[in-house]
Amino acid sequence: MKIRSFGDRLFDAFIYTVITLFALACLFPFFYVASFSVTPYAEYLQNPLKLIPSRLEFGAYKQIAEMSQMWTGYRNTVIITVTGVAINIFLMLITAYPLSKKDLKGRNAILFLITFTMFFNGGLIPNFYLVKSLHLYNTLWALILPGALGAYNLLLMKNFIGAIPKDLEESAFIDGANEFKVLFRIIVPLSKPAIATFVIFHAVTQWNTFFSAIIYTSKRTLWPLMLILRDLVVDDGGLAASDLNGGQEGVTVFTLKMAIIIFSTLPILLVYPFMQKYFMKGLLVGSIKG
Amino acid sequence: MPSSRWAGWKDGLRYLNRKKYLYLMLIPGVAYFLVFNYIPMYGVVIAFKNFNFAKGILGSPWIGFENFKYMFGLSDFYQVFWNSFSLSLLRLAFGFPFPILLALLLNEMRNRSYQRITQTVIYLPHFISWVVIGGILVNFLSPSWGVLNLFLKQMGFEPVFFLADTAYFRPLVVLSSIWKDSGWESIIYLAAISSVNSELYEAASIDGAGRLKRLWHVTLPGIKSTIVILLILRLGMIMNNGFEQIFVLQNPMNLEVSEVFETYAYRVGILGARFSFGATVGLFTSVIGLVFLLASNRIAKWLKEDGIW
């Protein structure tokens, strides 16, 4: 082994320091939120930087469990996530597969039509008017359909399918299978890593739905989790008054807010370590030019 | 010649029949883009109309550039323009290079398993909603119970109401967006780095180039075209700051610097129900973005770089 120079070691030290600090900065806010949500408030006031509380207090979580609006929010979010992902993946597959056929007539026109939407869009008001005209306003469909199919991910999917060797397909065609059969029997099983990646992407997008809910819903019963979160945690949406009067003793607004953040982010935080392996590899096939 | 035209038709129909399943598959997706993307694109005409919900787009009268004249006459507009543009420019200046730096450093890590762990960690914030991050920021920075202020108080300083102070808003937005997305954005550069020809590195090593030299003379030139493409795309968003981040950090006390086109269009167009004016604001930002995109693409070509097409 070569003896490494001083400069080389210094460079390594620099790299590891910068990356480690950045990674810690990415994690610590979440650690702290989780820790604060179970720390007795008096202890927090004494030493706000303490990461591990001397005893755990789950009062805030008990209180959340009794807030009916949290559960309505959860229900709405789960509905728009599951339905949204199913529609997104199905549309993406049946559109990407024909577009991956380089000799299909009209393909370039359709690709242009799709690509153009990445660079120009109607904007807020025309979209709002469309949702109103389609009678989607104040329905959960308004949080599912707009955005159910995006040009960029569709083109990535098309590239992925296009990179699958053609021989498997061809032998199926010789056996008399039609394109639907080939798509669902051959292409879909071979595209699992890409599909998994897009399931994750869209599920996260849907789980985090916020903007479209602000514009397209006015009824509180339709609010997804993120809107409730904003109302209770970012604004003070009556938390202090209604939810604390007669609430569990010892639970303060701050602790409750921290618990609400954890409660509504938990699914993502729990699934994340398992899903990251998919997008590390699955997606990058054909994702960049050249 | 009618007979050959008929033959052409017959060939076309035969082709369509042979590929009928493929075309059938395309119908829902194409219909989707027409309805959810192209109808709203047509909908921008309400920027040139005195739009009335009851009359619909077609029934509302044309008024030409009246809405634009009105917009350019508002002093609010220039404030919003400056807020959007300066914030976006700051993001570009500080936020654009950071993912490149991260990718270069990550790529130089020799310990592969540590590299993978740190990558996993720095991608995480991308998956968390701005509402959650806003909630964390608002509470951690709160003058009464925020961690930072409690700490400041214990150190004997006066607490600072960061989100009410116009001086802190822009740095806060820029830093939080770097924190949230630069890890994720480094992926594309890492992919580009991994496709740089490894023979170039070997040749550079034989020539006695150290790691820094190789990074500068091999890696960076190798990903230059990716950087240019992403820069062009980024310039196309020069008027955009994203609704969600700004909206959750916005409050009446910082509105003077925090009102950007997205939140302004929401306020006048949706909350104020002035649809034509809201659409005018939206169209203005889209057109500026498109102009920046086309111009930067042209400049890139002129500098003999790959453009986006």
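Predicted model: local features only at pLDDT ≥ 70, side-chain atom pairs only at ≥ 80, totals over all residues.
A residue is called buried here if 20 or more other C-beta atoms lie within 10 Å of its own, with C-beta atoms placed from the backbone. Eight of the 10 residues of α6(A) are buried, so the helix is largely enclosed by the rest of the structure. The buried residues are A:Leu124, A:Ile125, A:Pro126, A:Asn127, A:Phe128, A:Tyr129, A:Leu130 and A:Val131. Their cover includes a helix of chain A, α11, and helices of chain B, namely α2 (20-43), α16 (261-271) and α17 (275-302). Just after α6(A), the backbone at A:His135 adopts a positive phi of about 60°.

Helix α12(A) packs against α8 of chain B, residues 130-140, with the axes 9 Å apart and an angle of about 5° between them. Angles under 35 degrees count as roughly parallel, and α12(A) is therefore roughly parallel to α8(B). From α12(A), the contact draws on A:Met226, A:Leu229, A:Arg230, A:Val233 and A:Val234. From α8(B) come B:Val131, B:Val132, B:Gly134, B:Gly135 and B:Val138. By class, the residues of this contact comprise seven nonpolar, two polar and one charged.

Within chain A, the domain assignment gives domain 1 (1-66 + 236-273) and domain 2 (68-235). The C-alpha centres of these domains of chain A are 32 Å apart. Where they meet, 11 residues of domain 1 are in contact with nine residues of domain 2. Helix α14(A) gives the most to the domain 1 side, with seven residues. That side has seven nonpolar, two polar and two charged residues.

Turning to chain B, the fold has 17 helices and zero strands. Its C-alpha trace spans about 90 × 60 × 40 Å along the principal axes. The radius of gyration of chain B is 26 Å, whereas a compact globule of 309 residues would have one near 19 Å. Buried residues account for 37% of the 309 residues in chain B. Among contacts in chain B with a separation of 6 or more, 66% link residues 24 or more positions apart.

Chain B is likewise assigned two domains, domain 1 (1-64) and domain 2 (66-302). Their C-alpha centres lie 36 Å apart. Between them, eight residues of domain 1 of chain B are in contact with seven residues of domain 2 of chain B. The domain 1 side of this contact has five nonpolar, two polar and one charged residues.

Note on methods. Residues numbered from 1 in each chain as written. Chains lettered and ligands numbered in written order. Domains from an automatic or database assignment. Contact = placed C-beta atoms within 7 Å. Helix = DSSP H or I, 4+ residues; strand = E, 2+ residues; numbered from the N terminus. Nonpolar A, V, L, I, M, F, W, Y, C, P; charged D, E, K, R; others polar. Axes fitted to C-alpha atoms, helices over the stretch in contact; angles between N-to-C directions. Parallel < 35°, antiparallel > 145°, perpendicular 65-115°, else oblique. Rg over C-alpha atoms; globule rule 2.2 N^0.38 Å. Buried ≥ 20, exposed ≤ 12 C-beta atoms within 10 Å, placed from the backbone.
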